[in-house]
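Visitor: I would like a close look at a single part of this protein. Please start there, then show me some other details.

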Amino acid sequence: MAYEFLLYQKQEGVGTVTFHRPKELNALNRRSLEELESVLEEARVDDQVRVLILTGSGEKAFVAGADINELAQQRPLGGRDTALYGQSVFRRLETLGKPSIAAINGYALGGGCELALACSIRLASRAAKLGQPEVRLGIMPGYGGSQRLTRLCGPGVANEMCLTGEMITAEEALRIGLVNHVYEPGELLAAAGAMAKKIAANAPIAVRFAAEAIGRSGDLTLDEGLALEATLFSLCCASEDMREGTQAFLEKRAARFQGK
Ligand code: COA
């Protein structure tokens with residue numbers, strides 16, 4: 001399928017989604033959210049795609065937030081619908097069953113930071129700037145930022161970022177655990193690709209269940225989370241890939257995982 005505001009490429013098990021609205025610094029309008037929803041469904045059912053990378057077109061921006069032209073027209077009910085729709089698309093990304101890596105190549109502001117937060121892993125260029133500047137526009141995070149940033153980095157960090165609206169550097173994002181690694185701008189995509197390929201080489205069912213257990217951990221007590229882990233672990237033990245992975249180790253050869 002052809003997209004207007006996204007580029008989508010597949011290579012060696014890795015699907016790369018590039019937000020492409022260069023004149024608006026890749027800001028997310030309704031159409032780009034709809035396209036993201038479609039591309040996620042395309043990737044979800046595609047056995048050739050094991051991991052997604054999300055990045056922004058050009059050198060300046062990952063995604064500079066929700067489209068402020070559209071936001072400026074919002075009234076209460078429309079605003080609620082917009083927030084719920086964006087949240088649902090990001091939730092779909094988060095629970096896709098395939099891991100996602102945000103390759104934050106520039107500004108990740110508002111909805112852009114929230115998009116990165118909905119990914120499994122965040123990598124940043126040294127030139128990236130991250131922030132939740134909504135309060136400067138008279139609004140607040142609406143695509144999950146108040147919830148995911150708090151869970152990832154704690155309420156102190158979430159309050160500081162969401163209440164001051166200040167942008168932070170990639171180095172600061174690294175220090176507070178908002179991104180996992182920082183790279184030189186020219187090395188970011190290769191690093192994201194290398195990480196994605198490592199994940200794609202592992203057993204798909206095991207990767208999926210490990211991510212699911214991690215994803216649900218915040219909503220569960222420790223005992224509930226451990227019970228879920230044991231159940232998913234037992235399901236891995238029922239997979240052909242578990243036989244293959246353990247056998248390949250014992251036979252000192254590379255495993256050939258089938259996702260079964
Ligand atoms: N929605 C719509 N358009 C946006 C946008 C957004 N979120 N962010 C940037 N743009 C547009 C600008 O309006 C400008 O368009 P123009 O060339 O037609 O005037 C273009 O992208 C370039 O942005 P500009 O502001 O000129 O670049 P800059 O280098 O001076 O500043 C930013 C870059 C990212 C700091 C600045 O654009 C900005 O603060 N954007 C808004 C970020 C934001 O508040 N996001 C959260 C929204 S909820």
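Visitor: By class, how many nonpolar, polar and charged residues does the lining of the largest pocket have?

Guide: First, the ground rules. This is a predicted model, where local features need pLDDT of at least 70, side-chain atom pairs count only at pLDDT 80 or more, and totals for chains, interfaces and linings use all residues. Residues are numbered from 1 along each chain as its sequence is written, and side-chain values use heavy atoms, with hydrogens and water left out.

Now the pocket. The lining of the largest pocket has 16 nonpolar, 15 polar and 10 charged residues. Here Ala, Val, Leu, Ile, Met, Phe, Trp, Tyr, Cys and Pro count as nonpolar, Asp, Glu, Lys and Arg as charged, and the others, Gly among them, as polar. The lining comes to 41 residues. Nearest the centre of the pocket lie R91, E94, I214, G215 and R216. A pocket is an open set of points on a 1 Å grid over the protein atoms alone, where a 1.4 Å probe fits, with protein on both sides within 12 Å along at least five of seven lines; lining residues have an atom within 4 Å of a point.

The volume of this pocket is about 1200 Å³. That is the space filled by probe spheres set on the points, with grid points joined across faces, edges and corners.

Which elements build the lining? Helix α9 (204–217) gives the most, with nine residues. At least two residues each come from α3, α4 (111–118), β7 (121–125), α5 and α9. Helices (H or I, at least four residues) and strands (E, at least two) are DSSP runs, numbered from the N terminus.

Next, the rings. A search of the whole structure finds one aromatic pair. The ring centres of F90 and Y143 are 5.5 Å apart and their planes stand at 75 degrees, so the pair is edge-to-face. Rings of Phe, Tyr and Trp (its six-membered ring) pair if their centres lie within 6.5 Å; planes over 60 degrees apart are edge-to-face, under 30 stacked and the rest tilted. F90 belongs to α3 (residues 76–94), while Y143 is in the loop between β8 (129–131) and α5 (145–153), so the pair ties together parts that are 53 residues apart in sequence. Both F90 and Y143 are buried. Buried means under 20% relative accessible area, exposed over 50%, partly exposed in between (1.4 Å probe, protein chains only).

Two arginines sit over rings. R30 has its charged end 3.9 Å from the ring centre of Y85. R21 lies over the face of F5, at 5.1 Å from the ring centre. The cut-off: NZ of Lys or CZ of Arg within 6 Å of the ring centre and within 35 degrees of the ring normal.

T18 lies in β2 (residues 14–19) and is buried, at 12% relative accessible area. Neighbours within four places in sequence aside, T18 is in contact (heavy atoms within 4.5 Å) with F5, L6, L7, T55, G56 and S57.

L6 is in strand β1 (residues 6–11). L6 is buried too, at 2%.

N26 has a positive phi of about 65 degrees although it is not a glycine. N26 is in the loop between β2 and α1 (30–44) and is buried, at 2%. K252, also not a glycine, has a positive phi of about 55 degrees. K252 lies in the segment after α11 (240–250) and is exposed, at 76%.
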